[in-house]
Amino acid sequence: MLAYLIATSLLIPANLWAAITPHLHSEVSMRILHGLSTLALLPLLWQLWERRKQDLLFLSLVLAVFLLVMVVVNGWITFMGMGVRNGWIDHLFLALAAASVEAYFLFMPA
C-alpha cells in the first residue's frame, strides 16, 4: 500500500508539470504518463465499489463518477495519442484525481 501511495503522489507534480508545459513532452512520454495515471486510479475505483455501503454514499458516488470519467478519458488518450484540445486541463484534473487517491487512502475510515 505504501508503494502505491508513493507512486500516486509522484503523479501529482508530473501532471502539474505537464499542464504547465503541454507541448514540451513527446508522444511516448505523454502516453506513458496518461497510462500510469489511469492505472493509479483503478485501485481507488475498486475500493469505492467494495466499500460503497460503508463510506459516505454521496461523497463516494461523486468521487467514483469523477474517477471513472478520468479513466475513460485517459484510456482514450493513452491509446489514441495527442491531439486533445485543451489537454492541459486534463492534466490538472489528473493531479486532482491523484490527490483524491492520496486523501481517500490516508483518511479512509479503518
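Setting aside neighbours within four places in sequence, Glu102 touches Leu5, Thr8, Ser9 and Ile12. Glu102 itself is found in helix α4. Is Glu102 buried or exposed? Its relative accessible area is 13%, so Glu102 is buried, since buried means under 20%.

Before going on, keep in mind that you're looking at a predicted model. The chain averages a pLDDT of 79, and 90% of the residues score at least 70.

### The overall picture

So what is the chain built from? There are four helices and zero strands. Walk along from the N terminus and the elements read α-α-α-α. Helix α2 covers residues 27-50, and helix α4 covers residues 87-107.

Now for the overall dimensions. Taken along the principal axes, the C-alpha atoms fill a box of roughly 45 × 25 × 20 Å. How does the radius of gyration fit with a compact globule? For 110 residues, such a globule would have a radius of gyration near 13 Å, and the chain has 14 Å, which agrees.

If you take the contacts in the chain with a separation of 6 or more, 80% of them are between residues 24 or more positions apart. As for what's tucked away, buried residues make up 39% of the 110 residues. The accessible surface comes to about 7,100 Å², and 78% of that surface belongs to carbon and sulfur atoms.

### Residues to look up

Let's go through some more residues, starting with helix α1. Asn15 is found there. At 0% relative accessibility, Asn15 counts as buried, because the cut-off for buried is under 20%. Which residues does Asn15 contact, apart from its neighbours within four places in sequence? They are Leu33, Ser37, His91, Leu94 and Ala95.

Beyond its neighbours within four places in sequence, Leu45 is in contact with Ala64, Leu67, Leu68 and Val71. Leu39 also lies in helix α2, but Leu39 is exposed, because its relative accessible area is 54% and exposed means over 50%.

Over in helix α3 you'll find Thr78. Thr78 is buried, with a relative accessible area of 16%. Once its neighbours within four places in sequence are left out, Thr78 is in contact with Arg31, His34, Gly35 and Thr38.

| Pair | Apart in sequence | C-alpha distance |
|---|---|---|
| Leu45 and Asn74 | 29 residues | 14 Å |
| Thr78 and His91 | 13 residues | 13 Å |
| Leu39 and Trp17 | 22 residues | 19 Å |

### A nonpolar patch on the surface

Finally, take a look at the outside. Which residues form the nonpolar patch on the surface? The patch is formed by Leu16, Trp88, Ile89, Leu92, Phe93 and Leu96, and together they have about 510 Å² of accessible area. Which helix gives the largest share of the patch? That's helix α4, with five residues.

Phe93 is one of the patch residues, and Phe93 lies in helix α4. Why does Phe93 count as partly exposed? Its relative accessibility is 38%, and partly exposed is the range in between under 20% (buried) and over 50% (exposed). Compare that with Glu102, where we began: Glu102 is in helix α4 too, but Glu102 is buried. Turn the model so that helix α4 faces you, and look for both Phe93 and Glu102.

Key: Residues are numbered from 1 along each chain as its sequence is written. This is a predicted model: local features need pLDDT of at least 70, side-chain atom pairs count only at pLDDT 80 or more; totals for chains, interfaces and linings use all residues. Side-chain values use heavy atoms; hydrogens and water are left out. pLDDT is the predictor's confidence in each residue, from 0 to 100. Patches are made of residues with over 30% relative accessible area and no salt bridge: like charges are joined within 9 Å, nonpolar side chains (Val, Leu, Ile, Met, Phe, Trp, Tyr) within 5 Å. Accessible areas come from the Shrake-Rupley method with a 1.4 Å probe; for residues, only the protein chains shown count as cover. A salt bridge is a side-chain nitrogen of Lys or Arg within 4 Å of a carboxyl oxygen of Asp or Glu. Helices (H or I, at least four residues) and strands (E, at least two) are DSSP runs, numbered from the N terminus. Buried means under 20% relative accessible area, exposed over 50%, partly exposed in between (1.4 Å probe, protein chains only). The radius of gyration is taken over C-alpha atoms; the globule rule is 2.2 Å times the number of residues to the power 0.38. Contact means heavy atoms within 4.5 Å.
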